[in-house]
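I start with a pocket and then turn to a helix pair.

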Amino acid sequence: MKVFLKRILIFFLVAIPGYCVILVAWSNLIPFEAFKKNMNYKMGSYGHMYTRTNEANNIQKTDVLVLGSSHAYRGFDPRIFKNEGIELFNLGSSNQTPRQGLVLLKEYLNQVKPELVIYEVYPGIFQQDGLESTLDILANGPFSWPVATLAFKANHIKAYNALINRAFLQFCGTYESYNEPLVKPKDGDTYVRGGYVQKDDSYVRAQRIKNAYSWNIRQDQWSYFLEIVELLKKEKVELLMVQSPIDSTYFENILNNDEVDSRFSGLGNYINFSRLMKLHYKEDLYDLHHLKQSGVEKFNKVLIETLMEEGYLK
Amino acid sequence: MLFNSFDFAIFLPVVFLLYWFVFKHSLRLQNALIVVASYVFYGWWDWRFLSLILFSTLVDFLVGKQLEKEAKDNKRRLWLWLSVVVNLGFLGFFKYFNFFLENFQAAFSFFGFEIGGRALSIVLPVGISFYTFQTLSYTIDVYKRKLKPTQDFIAFAAFVSFFPQLVAGPIERATHLLPQFYRKRQFSYPLAANGCRQILWGFFKKLVIADNCAEYANLIFNNSESYSGSTLFLGALFFAFQIYGDFSGYSDIAIGTSRLFGFDLMKNFAFPYFSRDIAEFWRRWHISLSTWFRDYVYIPLGGSRGSKWGQIRNVFIIFLVSGFWHGANWTFMVWGGLNALYFLPLLLLKLNRSNMEVVAERSSFPSAKELLQMGITFILTVLAWVSFRAEDIAHAWQIYVGIFDSTLFTVPREVLSSKLLMCIVLVLFFVFVEWLGRRREFAIEYLLEAHPRWLRWSWYIFLIFLMGMFMQTEETPFIYFQF
């Protein structure tokens, strides 16, 4: 029995590094994506998180820090803010839920010392478990213990695989030496300094409005969001929760907008821009809820006016 | 509790350590631990149905005792019938009540009579078909005086509820498993190490082969009306590997887990897709069920003795009953009927025992004749799986018509993708390893046995890696749980 337990223990001690070695070799040497089923997020993947992280690491100070999902990094153009004398950095990432938002905020808050944090609170994100965002940040975000814990919290094989691969790339210097293209014609994306990603004007994603439905906010994501609110209160940083505008017909089709609005406004300053402006799919948005550049310009103009009028920025 | 769950990954080591360290000096306590662990294992799914297992256990234990006391045949027969009625009564109610009700209603309405009664919303207790047959084997064997009834209720309860095989077999015989609960257990390193290897291979079959094949099988079967013949046939192929990987994977994990506790369960699969005829296939597929039906139904009916018509009748009865055991749907009967039709020519020509040895026993590759035989048998099996997987008879018919269409010989473009290619490569790798290990209890039992430990361990780690890279990330229940 003792021999058996000893061998089992030794086997696991050998198997863990063995697994890591095979995983790293497989992930980086096999050229076919289909053969990497549970290793599907890699360096430089969708959303420009790699470039954004590198830029964020070098920022000393910003006036406004934006967090949230693709609605954040595709909705707040730092160039427009800069024209008004406001420095804005966009730390949004693909499908970023409050679980990852909290980790990123802890990572960068003291470094970039913002006066104001704008949190883009598209309710669809609060419905998600956040695995996709965890994978994106593990592959492309900052490499630190709090980020690594995202893998353990997700407790998902894809997250563990992404963590192992990232650790390898980090330690062998591949991560540092990678050069992510700023323009990705296949996705129609161009990275703009300040964490923003601009979509090509010609890009349209075919979508149809579903039947009327309601947002269903997950309790765990709500709890993480409350932690974010508390953290910012503790650090005495102003928080503005924003829902960037979505297609007006799509917005009207959602049954519990009032309930969601009252839930967020109960936590502090909150603006739902779909209530203030009517934007339209194809004209201002490339799908039902992601802004095109023309939509971003309209939205950011109104937002900056609000920030000035309400005195969010000194 | 699912084998492929985090809960089981905690449960198994805890029970193992308690079993061999805390309770190792007392056989009775070890058996009691097995009962408690088994009830926890089962109750994890739905504790309410533990009462059914407990009731069956009590009834069969008491019936066993009465069968020993009673000398008169007619009274003994009555006790046997009590056990049969109770066990099959539960099974019949939970599994077949709605099926019979709906079919009676349909039959009467065909003749212009309307009979009342509404279908009930019945939850099928997981594993009821398995443990019912296992406990029935006890009373039947005691009745036939092949087995002395047990006086040890704890041992009997452990036999009925033994968690590794409780919910999906192998369906053990009392004559084989029950005596193992009386014997003092000594930990055996080779047995336990072999068990670990079998568990590893079982998980590989389930997580990598079955679950990946399921993705395509489900896609194709669920949208069968829009696919060409070649795609439908591909769907059936994927289902063939899904069900084999799923069910034999479960059996491997069950047998391997039992070995960790010093138990030897019967073999349930013996590389069935390398069979050269249908008779051989049925000696190699779900062996514990096939032999159960052979011993308790087929042979008492006369088996292959007697007149030709009697033999034909017996073959049909055994296959139809076997099909019906799988579920309350006519599709399973069609599946059973098809297999009976496949089997019949072999029986009538007395060729049903012509392939008793392992294929290519003394060579690495099969002969051209063997390859052809295996190919034909496999295709016949795959075609029969269509009705097993189909939702209903109309669906099965639609797929059969779709397969036997001119589009059978086209490229299945509708589902062609690099992911599909990945799945095919995994299946080919699996078939290759199974071929290498076909003379063994399970494929990787002694693979690389003559090689140094580092090489064997590298192989096991590679299998673990394949699971980590290709497993489905949602918990997927085993197919046979629904039976």
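1. The lining of the second largest pocket divides into 13 nonpolar, six polar and four charged residues. Here Ala, Val, Leu, Ile, Met, Phe, Trp, Tyr, Cys and Pro are nonpolar, Asp, Glu, Lys and Arg charged, and the others, Gly among them, polar.

2. A word on provenance: this is a predicted model, with local features needing pLDDT of at least 70 and side-chain atom pairs pLDDT 80 or more, while totals for chains, interfaces and linings use all residues. Residues are numbered from 1 along each chain as its sequence is written, chains are lettered from A and ligands numbered from 1 in the order written, and side-chain values use heavy atoms, without hydrogens and water.

3. Which helix gives the most to this lining? That is α12(B), with eight residues; helices are DSSP runs of H or I, at least four residues, numbered from the N terminus.

4. α17 (residues 418-436) and α18 (residues 453-470) of chain B pack at about 155°, axes 13 Å apart. Axes are lines fitted to C-alpha atoms over the stretch in contact, and angles run from 0 to 180 degrees between N-to-C directions. The pair is therefore roughly antiparallel (over 145 degrees).

5. In that packing, M422(B), L426(B), F429(B) and V433(B) of α17(B) meet W459(B), F462(B), L463(B), L466(B) and F470(B) of α18(B), contact being heavy atoms within 4.5 Å. By class, this contact has nine nonpolar, no polar and no charged residues.

Conventions. Helix = DSSP H or I, 4+ residues; strand = E, 2+ residues; numbered from the N terminus. Parallel < 35°, antiparallel > 145°, perpendicular 65-115°, else oblique.
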